[in-house]
Amino acid sequence: MRSMKGRDLISINDLSKEEIYTFIEAAKQFKVASKLGKKTEKILEGKILAMVYEFESTRTRVGFEAAMAQLGGHAIYLPAHTLMIAKGEPWKDTARVLSRIADGIVVRAHEHETLYEIAKYADVPVISASTNKGHPDQTLGEFLTILEKKGRLEGLKLVYCGMTRGMCHDLLVGCPKVGMDVAIVYPEIYDIDKKILEQAYENAKETGAKVTLTHNLQEAIKDADIVYSCVLLRGKFAPEEVQKEESKIDIKAYQVNAEILKKAKDDAIVMHPGPAYRDIEITEDVLEGPRSVFFDQVENAYHMKKAILSLILG
């Protein structure tokens with residue numbers, strides 16, 4: 001646990017398999033304590049978390065703010081348009097300003113490179129709260145949910161279907177790191193980051209996991225233990241990243257519905273990181289159905305944020 005203190009968390013690939021399980025174990029302890037009604041130890045009392053957000057958030061923002069409050073610290077929500085960065089101040093200056101005031105910086109940025117720029121100049125830990133190439137806190141929370149529902153991570157098959165953005169890329173590298181097969185199903189108009197794909201293959205070599213990229217959900221979903229639906233139309237989630245060809249996407253070919261779910265294992269769970277656009281990437285009946293763990297994910301992501309903050313800032 002001491003190895004986490006003072007570390008940046010920018011990608012799930014920053015962590016070893018053992019460190020991933022360290023975060024999971026800590027989150028489990030926070031969840032058990034919460035269920036038992038035990039008061040959370042104020043291990044971050046007096047500490048300040050600066051939260052720089054370039055785009056909107058519900059779960060990630062509220063989760064980090066609530067986690068910081070539970071741990072005795074204070075979080076300051078800083079939409080980028082309210083900072084001097086909006087007036088032309090460089091990120092390197094913003095990073096150093098916040099470092100002199102806050103004990104940690106959470107960043108939700110359009111571009112992954114922004115995180116690296118802030119981390120380069122900050123003197124305090126920098127934690128990703130989602131970019132176009134990663135969402136490590138959410139991914140760790142998903143692993144906790146899968147472990148709860150399936151009893152293990154290794155040897156399972158996760159099928160991701162949706163846009164190729166943060167969750168896609170972190171699941172792509174994270175699943176094989178813990179020995180889980182991963183199939184990424186995505187429309188042809190989108191791209192997979194080549195460097196991240198190389199990392200995924202390297203992780204798969206070490207654990208024996210299988211990595212698959214495909215545009216065919218019908219084939220990929222066969223024998224799936226986890227069906228992970230994500231936002232399909234990128235422009236709905238990030239209007240500034242809208243793809244001209246999005247109107248050409250065959251929604252039915254990538255939609256997780258009751259019929260396609262029959263091809264997965266009988267005990268497969270259905271996940272979605274939110275926001276869920278019902279009857280586009282996933283149907284209402286599946287999202288609200290008995291196999292969905294949609295809201296369990298929210299709760300577990302919250303406890304994971306407590307684990308992350310406590311281990312990195314504690």
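In what order do the four strands of the open sheet lie? The order is 2-1-3-4, and the pairing is parallel. Keep in mind that this is a predicted model.

**Stop 1: the sheet.** Select 74–79 and 126–128. These are strand 2 and strand 4, the edge strands, each pairing on one side only. On average, neighbouring strands here are turned by 20 degrees against each other, direction ignored. Pick V52 and look across: its bridge partner in strand 3 is V107.

**Stop 2: the helices.** Show residues 59–70. This is helix 2, lying across strand 1, strand 2, strand 3 and strand 4, at about 175 degrees to strand 1. Next, show residues 112–121. Helix 4 lies across strand 3 and strand 4, and runs at about 165 degrees to strand 4.

**Stop 3: aromatic pairs.** The whole structure holds three. Select Y53 and Y77 for one of them: the centres are 5.5 Å apart and the planes stand at 75 degrees, so the pair is edge-to-face. Y53 belongs to strand 1 and Y77 to strand 2, so the contact ties together parts 24 residues apart in sequence. Y53 is buried, at 2% relative accessibility. Y77, at 25%, is partly exposed.

Jump to Y160 and Y228. Their rings are stacked, 5.9 Å centre to centre with 20 degrees between the planes. Y160 sits in strand 5 and Y228 in strand 8, so this pair ties together parts 68 residues apart in sequence. Y160 is buried, at 0%. Y228 is buried too, at 0%.

**Stop 4: charges over rings.** The charged end of R61 sits over the Y77 ring, 3.5 Å from its centre. Finish at F64: the charged end of K305 lies over that ring, 5.4 Å from the centre.

Technical notes:
Residues are numbered from 1 along each chain as its sequence is written. This is a predicted model: local features need pLDDT of at least 70, side-chain atom pairs count only at pLDDT 80 or more; totals for chains, interfaces and linings use all residues. Side-chain values use heavy atoms; hydrogens and water are left out. Two strands pair if DSSP finds at least two bridges between them. Helices (H or I, at least four residues) and strands (E, at least two) are DSSP runs, numbered from the N terminus. Axes are lines fitted to C-alpha atoms, for helices over the stretch in contact, and angles run from 0 to 180 degrees between N-to-C directions. Contact means heavy atoms within 4.5 Å. Rings of Phe, Tyr and Trp (its six-membered ring) pair if their centres lie within 6.5 Å; planes under 30 degrees apart count as stacked, over 60 as edge-to-face and the rest as tilted. Buried means under 20% relative accessible area, exposed over 50%, partly exposed in between (1.4 Å probe, protein chains only). A charge sits over a ring if NZ of Lys or CZ of Arg is within 6 Å of the ring centre and within 35 degrees of the ring normal.
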